[in-house]
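Let's go through this structure together, one question at a time.

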Amino acid sequence: MRQLFSLLLLSLVALCFAPHASAADYHEQLVLRPLPLSALLASFNFRSNTTLSAFEAHNFRFFPRSLGQILQHAGTRELHLRFSLGRWDAESWGARPWEGAREGGTGVELWAWLEADTDEEADRKWRTLTNALSGLFCASLNFIDGTRTTRPVMSFQPEGNHPNSTMTNMHLLYGVLPHEVVCTENLTPFLKLLPCKGKAGIATLLDGHKLFDASWQSMAIDVRPVCPPGGECVLEMEQTIDMVLDIERSKRPRGNPIPRPPPAHELKCDTSKPYHSGDTCFPADYNANQDWSLSQIFGRTMKGTCPLTDPNVPPVCLQVPNSRGVYITGGATEKKNLDLVSRCYEIAPDTPEFEMVLPRPESNEESGQAAVVVQEVVKPETPLLYAERSFTGHGQEHGGVQTILRNPSPDTEVEFIYMETLPWFMRIYLHTIEARIEGQAGASKQDPLIQEVYYRPAVDRARGTQLEVRMRIPPASTVFLTYDFEKSILRYTEYPPDANRGFDVAAAVITILNPNPNPNATSPRFAAYNLRTTSLLCSLPTPDFSMPYNVIIFTSTAIALAFGGMFNIIVRRFVAANEGPEMTLTAVKERLRKRFGGFLQKYRGKADEKKSE
């Protein structure tokens, strides 16, 4: 008993005198924003910091050691990794979260700034980085070879603060895997990088069944150095998960996942239609009457708060009008912001579980007037640019790509950089690139839409095509960017197992330039808005893979027949029937006697030799 008391006393003394990290070294926050069409945007943000001196001395506290050692070994100064699935519906949901800075194209995207003296050394470190990250995140990043790697010139700029002495030796490399399937195997190592390992805080709401059942989801990891004014430089790692959940589908119980039609008395009908009757139901707008709870949307409640997080940052925020009521569990405090469209919740450390319920908006009855429904969702913000991309043409030899870019602003032009990374078997004709404008009658035809073009042609089986176009779109205009390309014929060993499906072409990256950058910003933000188009599916001439086996069987049969006949002609001796020896019974006996006699004579000779020895 005395030894146990001494051990407890020593532990308390060690805790009192141990160096504590600053509370601002780690914080996490969940922002929930209802969207039109019965959708809900959930944005999870985790941020951890460590000083550069501690990072270089291999002292890891909140920064994960597994990722830190990879960055040190590969000489990585800044890292950006994206896992994305689905399509963001900009027409209905409005602007993208985080201004598109934490979004990636379908599949996996990776770009990093590596410190190296030569391009060959940068390529060697890039292979080391991709192979190490492939094992850490259970992804196929090791397949990012030279054919899937490019060096962007205008599209990407560093987000962190880098000294001028290191900028000269920094190399930017970008790789993408549009065919990569994002699944739970990528979420599990993502949660292991968090200090609380997904056991407490907002990370307990992350369920693979709910996340990958979303209409759109993106997981991002960003590592960059940040030097605050008058403070010590830190290495910041920001982990972000954004997903758009369908409320009706998310509220479906897991034990009964198969959707079944609701009974007639539970149908939501629009009674304002003139053709509404007892046997006719026009579906009501799903944008109305959104009601949900955390346990319904995520399948579980929030398990308290992470004890290592910054107490000054509220863990949960909700963006709904202040006129709507929200129910929360005990131990939490609601604080409404001055913008009248958002509120945050502070949760006490001793709260075991946190539950939040957003009921249906109530109608306010006024005397002599009809019921007025309370505004239930915040109007989505209009994006700076709409973009969609598709293939044109027909046939298996030639084709084309058409990108439709629309500027919704009535008085502001948009300047951006359009980048495409194409596989080597898509050989584009640069002279066919064209940008034509439609929509605005008073647009100036003197100013060219394309300001600058950077083109790096492909090398067969060595590298892909890189195309970067700097453009500007006048206000309230629609621009069609088109070009033609030629399809190459692959060797039959270069086709994947699902060759008839086609080949995935990575999404185009659009970087909208900021016309008025903030000079007081702590990080040199280059872009004000980013977005990705959808990926494409390119169909190439596909051979009949059963034909080689048919040829092998036919050739083997022909050779066997020809060889057998030729062998018989060479070995056999052909004589006339009357010239051959007569095969009587006496002749057969004599031939057998001679053969057996020869065998007996040989055996007796060997036996005599043994006796003589």
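Q: What share of the accessible surface of the protein chain belongs to carbon and sulfur atoms?
A: Keep in mind that this is a predicted model. The accessible surface of the protein chain totals about 33,800 Å². Of that area, the part belonging to carbon and sulfur atoms is 55%.

Q: How many helices and strands are there in the protein chain?
A: The chain has 613 residues, and 42% of them are buried. Its secondary structure consists of twelve helices and 27 strands.

Q: Is Glu99 buried, partly exposed or exposed?
A: Glu99 sits in the loop between helix H4 (90-93) and strand S4 (107-115). Its phi is near 55°, a positive value in a residue other than glycine. The relative accessible area of Glu99 is 47%, and values between 20% and 50% fall in the middle class, so Glu99 is partly exposed.

Q: Is Leu340 buried or exposed?
A: Leu340 belongs to the loop between strand S12 (332-336) and strand S13 (343-347). Although Leu340 is not a glycine, its phi is positive, at about 65°. Its relative accessibility is 55%, and the cut-off is over 50%, so Leu340 counts as exposed.

Q: How far apart are the end C-alpha atoms of residues 547-571?
A: UniProt, in an unreviewed entry, lists residues 547-571 as "transmembrane region". In the model this stretch is 100% helix and 0% strand. Its end C-alpha atoms are separated by 36 Å.

Key. Residues are numbered from 1 along each chain as its sequence is written. This is a predicted model: local features need pLDDT of at least 70, side-chain atom pairs count only at pLDDT 80 or more; totals for chains, interfaces and linings use all residues. Side-chain values use heavy atoms; hydrogens and water are left out. Helices (H or I, at least four residues) and strands (E, at least two) are DSSP runs, numbered from the N terminus. Buried means under 20% relative accessible area, exposed over 50%, partly exposed in between (1.4 Å probe, protein chains only). UniProt positions are given in the numbering used here, feature names are shortened, and annotations may be inferred rather than shown by experiment. Accessible areas come from the Shrake-Rupley method with a 1.4 Å probe; for residues, only the protein chains shown count as cover.
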